[in-house]
Each structure stands twice: as C-alpha cells, then as structure tokens.
Amino acid sequence: MASKQLFGRDSLTSNPNVFNYPATSDINITSHGADLYWAVSALMGVSALAFIAHAHFVVGRKTGGALQYIIFHYITAAICFVACIAYFTMASNLGYAAIQVEFQRNNPLVAGVYREIFYVRYIDWVITTPLLLLDVLLTSGLPWPVILFTILADEIMIVTGLVGALVSSQYKWGYFVFAMLALFFVFYQVSFVGARHAKAVRSSNGANIGRSYLMAASWTMALWFLYPIAWGLSEGGNVISGDSEAIFYSVLDVLAKPGFGAVLLFAHRNINPADIGIHVRDYSTPRRNLYSGANDHEKGRNIIDNDHGVPANGAHNNGYNGNGALPANGTERPANAAEAVSTSAHHGTAEPRMQTRPNV
Ligand code: RET
C-alpha cells in the first residue's frame, strides 16, 4: 500500500518493532579516546574561566563592568562550560547508546554489530550551537526575529542529526538530508543575510563591523560544514573507529568553541555595542526612552517626575541617545510625537544604525 511505502520501501519492515538492546557494544573508544576526551574537557573548562577572567579583569575594568561590553564573553564562556561537561561525560564512557550499525565492516577497528553512539554530543550542540549563532548574528545587528528563526533551523539540524545517529536502518540518511537542508538554511542566513546587515551597520568609532562579522562568520561556517563529514564517517557510515571519531570531533569542537571565541572577541575589541543595537540596562540605569514604563526606582530618584514619564527637569528631549535608524542624509534622529507615546514595545529593542536599510 502506498501509505506504507517511503521511497519504495516498507517502513515497518525496515524498522521492525524489535527493541535491540545489547549487553555490550562492539565498536567503542579505547583509553586513548578517553584520554583525549579528558584533555578536551579540561581545555574547555580552562577556556571558559579565561573568557570570564578577560571579561572582568580586562574589558570590565575599562568599561566599568557594563554588561553590554562583556556579554559576548559570557555567551562564549557558557558555550565552553557546557562542552566541558559533555566531554567529561564522554571521557567517563557515559552518555552513549549502543546502536546497531547499518554497515558491518571487515576492518577490525570497526568490526561488530553495535557501535557506541555518544548522544551527549548532541545535547551539548543543541545548547551551544544556538549560542554560537547568537555570538555571530548579534554582531551583524540582525533583528531578533531573524536571529530566532535561524536558531530554530539550527535546532532542527541538531535534533534530526541525533535521531539519524540513533536509527539503525537506512532511514538514518533521511534525517541526514533534513539536517543538511537546515544547515544550508543557516549558511544562507549567516553568509548572505547577516553579512548584508553587518556591512550596512554604521560604526560610531571607525570600527569595521562588516569585517569583524566576516571574520566570525567565515570561521564558523567553514567549520560547520566539516561536521556532516565526521558524522558520515562515524555515526552514519561506521567507517572510522571510536578513537578516530574522538579526534575528528574534538579538533572541530576546539576550533569551533574556544578557537571561535578567541576570534570573535578579537574581532569585537573595538566595536561599540550600541552600534549593533546592544543596550543592556539594569533597574538602576535610566532607560534610553524615558517616556514609557517608568519604574518606582526611577520615580524615587526623581529621574521621572510623574506617571507619564516626563523627565523631572521638564526637558523634552526624546529620551533617546541616538542609535536609531538615521535619515538618508545622516542628520540626527528627531524627537517626534510617536515616541512621546511609545509603548514598552519600544523599550530595549533599538535597531542599530544603518547607513542604508538592507533589503531583507
Ligand atoms: C549533524 C548530522 C548530520 C548532518 C549535519 C550535522 C551538522 C552538525 C553541525 C554541528 C555543529 C556543531 C558545533 C559544535 C560546537 O562546538 C548533526 C552532524 C548537517 C553543523 C559547531
């Protein structure tokens, strides 16, 4: 029956209702693989601490600890902390399932029926790849809905990759195709949409934001296309041993996490966060737009003198420190009636300055 067929095959024959859980798996890491995983776990932990230390002792000291200057350090450190735990798990020979291979090989390094598949790798990636994309795409000043949509495609890529790795039959390649489609979408967003935005962002201090973005984006995308190759040779095709898989993924992860973090933070060294639309405000900092959502703290300090949010000194500035979209002639953004009645939707969602509005 046609409904039972997928590409001419019967899905219930390919994937029978038999739960194969073996007592042992045949294709596993050895102590060399475990040693490598220990080393990478330590490297990830040390890198995370180094990013935090740099944020506080170098950048934070120069900028009064303002969060917008160290937010990229924190995102990058979080990525490395998560990887540290995932590598700890793999080094301990945990976080895996024994999955029947599709292709049984004669090569003694990959001979056998069941292969150790580290699902913990995907738990790591499902947390860290969105953070990596956040690092990259925030640099371009893309609007947050576009960033979120790209992250959704990334999650689909990782989750379909995980399902494919856990499937024994040829159906795993169906998931591989879904993951590849998602990867191409992410690639398009990063390489074309993000790049166009980054080029259009006006820098207030001469920093070349377009070039910084290009550095971070190309580092990331070049590496990301190597992951499906590693997958095809290990979880997918059972071509390389558990230890070779450990080497392949470890090299990629070190370059894609601490390596990428160093490149990104170097590229960010001169960027003014306000130029890419990043304004982080805690409750004690006056809002950029004083006309909406005044809180009690501000009223108490007489920054706002009434419930309508008019500044205490009566000055009718637009409460906006100049990072909105500029008119084509580059003159400063005027105060207008719309801002005077702006709602909280306005608050904290400032667009970066654009020289010309990109066509997206
Ligand atoms: C999978 C499955 C097969 C198809 C594709 C994949 C892509 C994985 C990627 C992972 C990136 C991981 C990173 C980790 C950070 O350290 C899931 C292997 C396309 C791109 C950057």
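Student: Before we start, how are residues numbered, and what pLDDT do local features need?

Tutor: Residues are counted from 1 along each chain as its sequence is written. Because this is a predicted model, side-chain atom pairs count only at pLDDT 80 or more and totals for chains, interfaces and linings use all residues, while local features need pLDDT of at least 70.

Student: Thanks! How many helices and strands does the protein have?

Tutor: Helices (H or I, at least four residues) and strands (E, at least two) are DSSP runs, numbered from the N terminus. By that reading, the secondary structure comes to eleven helices and four strands.

Student: Which residues come nearest to the ligand?

Tutor: A residue is near a molecule if its C-beta atom, placed from the backbone, lies within 6 Å of it. Helices α4, α5, α6, α8 and α9 each supply at least two residues of the shell. Of the 18 residues around the ligand, those that come nearest are G161, A179, Y227, W231 and A256.

Student: How many residues of that shell are nonpolar?

Tutor: Ala, Val, Leu, Ile, Met, Phe, Trp, Tyr, Cys and Pro count as nonpolar, Asp, Glu, Lys and Arg as charged, and the others, Gly among them, as polar. The shell has three polar and two charged residues, and its nonpolar residues number 13.

Student: Is N238 buried or partly exposed?

Tutor: A residue is buried if 20 or more other C-beta atoms lie within 10 Å of its own, exposed if 12 or fewer, and partly exposed in between; C-beta atoms are placed from the backbone. N238 sits in the loop between α8 and α9, with a positive phi near 55 degrees. Because 21 other C-beta atoms lie within 10 Å, N238 is buried.

Student: And N93, buried or partly exposed?

Tutor: N93 is in the loop between α3 and β3, and its phi is also positive, near 60 degrees. Since N93 has 15 C-beta neighbours inside 10 Å, it counts as partly exposed.
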